[in-house]
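Me: Please take one part of this structure and go through it closely. I would like to know where its residues sit and what they pair with.

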Amino acid sequence: MRAFLVINPHSGDDDPSPEDLVQAARAHGVDTHLLRAGDDAAELARTSGASVLGVAGGDGSLAPVAQVALELDAAFVCIPFGTRNHFARDVGLDRGDPLGALAAFDDDAIERRVDAARVDGRVFLNNLSFGAYAALVHRRERHRRRREALARARALLLTARHRHRVHARVNAEELTARVLLVGNNRYDIHLFTLGERPRVDGGELQLWAAAGLLPHTWQERIAPEFTIELEASRVRAAADGEPVTLEPPLVLESLPRALRLRLPRTLAGNAEKDED
């Protein structure tokens with residue numbers, strides 16, 4: 001079994017450092033690659049020849065390599081090495097122990113089938129958003145590229161000044177909202193904060209729409225697939241917190257238990273419980 005790990009050195013807080021992670025991964029027999037400017041993580045994974053593909057980074061780093069794992073029917077490993085690591089949390093990993101997560105590469109690791117989701121040929125693992133939050137993510141990215149301080153705070157302030165609205169048809173029904181979110185499985189949601197997902201193998205998408213930036217009430221819909229028609233020929237969105245531009249009409253679909261996720265043997269009890 002050959003294993004390959006892509007490491008985003010710009011994720012995390014340097015505890016452990018990217019170099020520490022490289023050394024620890026090699027001790028598990030894993031080939032590693034520290035991403036540099038211009039690198040394509042998906043292409044690196046695709047040409048690695050490995051049967052187990054892993055990513056060390058935040059939520060936004062995972063999907064490109066997960067998509068390659070789906071294409072090649074390779075196993076996938078998530079090493080929580082970012083700021084929030086929502087996917088890692090929802091599959092039971094300790095977000096504070098990226099070195100411990102490397103046990104997913106060991107021979108005694110367990111394999112669990114989990115859902116992915118897809119839109120416009122692009123895989124996402126957590127959620128896809130349109131409207132105010134997507135605008136915030138795009139502004140934050142522009143400010144980050146310009147190396148401006150407090151990019152997130154500036155983006156939030158600029159977004160709050162504008163009354164973004166999404167006018168859409170969702171499965172042929174008219175919908176207008178300031179925030180539109182589609183989750184890969186059901187989230188616990190409180191105001192504008194996404195909580196945990198009770199399961200990541202339910203084979204469904206959850207769509208929420210809200211009129212305000214910090215809403216008290218959401219409209220909710222559950223389906224294995226959504227078709228979203230929008231007025232624009234191109235629309236800004238955020239996939240797993242990363243800025244993307246999509247071309248409507250959009251077909252969002254659940255890919256039930258399509259991803260072969262490897263986890264440390266110590267999580268075997270949790271995995272069996274979740275799949276009941």
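Reply: W208 lies in strand β13, which covers residues 205-210; helices (H or I, at least four residues) and strands (E, at least two) are DSSP runs, numbered from the N terminus. The model is a predicted one, where local features need pLDDT of at least 70 and side-chain atom pairs count only at pLDDT 80 or more, while totals for chains, interfaces and linings use all residues. Residues are numbered from 1 along each chain as its sequence is written, and side-chain values use heavy atoms, with hydrogens and water left out.

W208 counts as buried because its relative accessibility is 1%; buried means under 20% relative accessible area, exposed over 50%, and partly exposed in between (1.4 Å probe, protein chains only).

Side chains of opposite charge can pair when their charged atoms come close. A salt bridge is a side-chain nitrogen of Lys or Arg within 4 Å of a carboxyl oxygen of Asp or Glu, and a search of the whole structure finds 14 of them. In one of these, D90 pairs with R197, and the closest N and O atoms are 2.8 Å apart. This pair links distant parts of the chain: R197 is in the loop between β12 (193-194) and β13, D90 is in helix α4 (residues 86-90), and 107 residues separate them. Both D90 and R197 are buried.

R197 is also among the residues that N126 touches; contact means heavy atoms within 4.5 Å. N126 itself sits in the loop between β6 (122-124) and β7 (127-131). With a relative accessible area of 4%, N126 is buried.

The loop between β12 and β13 also holds D201. R257 forms a salt bridge with D201, the closest N and O atoms being 3.5 Å apart. Here too the pair links distant parts of the chain, since R257 is in strand β18 (residues 250-263), 56 residues from D201. D201 counts as buried, at 4% relative accessibility, whereas R257 is partly exposed, with a relative accessible area of 34%.

Technical notes:
Lists of a residue's contacts leave out its neighbours within four places in sequence.
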